[in-house]
Amino acid sequence: MLRIFFGTDDLDRTRVAERPDMSMELSLSVHGLVSGRCDPRFQVWRNRLRASWNPRTALLFDLYTATAIPEFLTVRRDPGATESATAETPSEPLRDHLRSVGGVRQLSAFARGVAAGDQRARKLLGNVTADYQTRAIDPYRRQIETIVTTEHGRRRRISEPDQVLGSLHPALSWRRPVLSFPLAGGCRHDVRLDGRGLLLQPCVFGPRRPVIARFEDPRQQPVLLYPARISGPLQPEAEPTPSRTLTALLGQTRAAALEAIATHGPCSTKDLAAVLDISTASASEHATVLAESGLTSKERDGRTVTHLPTALGRALLAGRLPAAAAAGPE
């Protein structure tokens, strides 16, 4: 049994995540493969993944047990950034996690290399993670985002925290000030929030039961992962992406920023950062360059700046010239 103890301020600091945690979605999706879960809603996903399977992906299985899920696989919008971020994960969380895996079974040579900080093993970890992202996460990214934002909207309409916590999942029991649910193998563990609050994270690839993450570090807000409501099978969507020419011209992240502003705009810099999985400072830099190039425009409402595509920006995404430019000089 896991018991989560809420202090005086913790209910006020508890919220439902507005967007998916793509890093956890990736980790949980691999865990589903490791555990052999057969959910008909993911049959299309499994079939497509099997058809494009990269044998090196199985290296990720070495990082899992039935209950141990790595929290250091880092997903970014750009797979190249995913590769770098995962390879450069700080050593301490890697060693701590693989120590727990090693307590269950013998570590593979790859896992031992990752734990020891071997640069070749770390680089391979980043490469395999990025490759898996392009096959298992990116084709479904928009549907995952829709599922999680819809779940957030459903929960946001419930004003009382007690009602939110009491209705999250049948396995959860909420009796102030304790939220509890059974753990595998009859284990018992207590988590005291101590003013950190709790992030309630809806997940698409999560198991049928809630999972607690990021609770051991007192500097981090614990995360309760729970299965989001999925109305139908997970299907890949042909998401419009910038052309190779535009990507070569602007760079992959900046081209993705232009596409995101055109798709989700008007959007704030914070929204843009969330969509692209980059820092707010980086999103601001990309948005500034796009605006100075005439591809987007800015609108200010109080302290908030929102970004919109211009006619030129939309035309470049569509692979054509705007009408005025196409007509040529008079």
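The model described here is predicted. Asp194, at 66% relative accessibility, therefore counts as exposed. Asp194 sits in the loop between β5 and β6, and its phi is positive, about 50°, although Asp194 is not a glycine.

Arg214 also has a positive phi, about 55°, without being a glycine. Arg214 belongs to the loop between β7 and β8. With a relative accessible area of 22%, Arg214 is partly exposed. A further backbone feature is the peptide bond from Arg176 to Pro177, which is cis, with omega near 0°. Pro177 is part of the loop between β3 and β4.

## Sheet β3-β4-β1-β5

Four strands make up an open sheet in the order β3-β4-β1-β5, with mixed pairing. At the edges stand β3 (173-175) and β5 (189-192); each has a single partner strand, so one side of each is left without a neighbour in the sheet. On average, neighbouring strands of this sheet are turned by 15° against each other, direction ignored.

Strand β1 (residues 2-5) and strand β4 (residues 178-181) run antiparallel and are joined by four bridges. In this pair, Ile4 stands opposite Leu179 in β4.

## Sheet β2-β6-β8-β7

Another open sheet has four strands in the order β2-β6-β8-β7, again with mixed pairing. Its edge strands, β2 (15-16) and β7 (211-213), each pair on one side only. Two bridges connect β2 with strand β6 (residues 199-203), and the two strands run parallel. Arg15 is placed opposite Leu199 in β6.

Helix α7 (residues 141-156) packs on this sheet and touches β2, β6 and β8 (223-227). The direction of α7 makes about 135° with that of β6.

## Nonpolar cores

The largest nonpolar core has 46 residues, of which Trp45, Leu63, Leu125, Tyr132, Val204 and Phe205 touch the most other members. At least two residues of this core come from each of α1 (22-35), α2 (43-51), α4 (91-102), α5 (109-116), α6 (119-136), α7, β6 and β8. The largest share, six residues, is supplied by α1.

Leaving aside residues up to four places away in sequence, Val204 touches Glu25, Phe42, Ile144, Ile147, Val148, Ile230 and Leu234.

## Thr86 in helix α3

Thr86 lies in helix α3 (residues 79-87). Its relative accessible area is 0%, so Thr86 is buried. Not counting residues up to four places away in sequence, the contacts of Thr86 are Phe72, Leu73, Thr74, Leu125, Gly126 and Thr129. One of these, Leu125, is among the residues that touch the most other members of the largest core.

## The largest pocket

The largest pocket holds about 1,600 Å³ of space. It is lined by 46 residues, and those closest to its centre are Thr67, Ile69, Glu71, Ile212 and Phe215.

To the lining of the largest pocket, α1, α4 and β7 each contribute at least two residues. The largest share of that lining, six residues, comes from α4.

Conventions: Residues numbered from 1 in each chain as written. Predicted model: local features only at pLDDT ≥ 70, side-chain atom pairs only at ≥ 80, totals over all residues. Heavy atoms only, no water. Pairing = 2+ DSSP bridges. Contact = heavy atoms within 4.5 Å. Axes fitted to C-alpha atoms, helices over the stretch in contact; angles between N-to-C directions. Core = buried A, V, L, I, M, F, W, Y, C linked by side-chain atoms within 4.5 Å. Buried < 20%, exposed > 50% of the residue type's maximum accessible area, 1.4 Å probe, protein only. 1 Å grid on protein atoms, 1.4 Å probe; cavity = no way out; pocket = protein on both sides within 12 Å on 5 of 7 lines; lining within 4 Å. Points joined across faces, edges and corners; volume = space filled by probe spheres on them.
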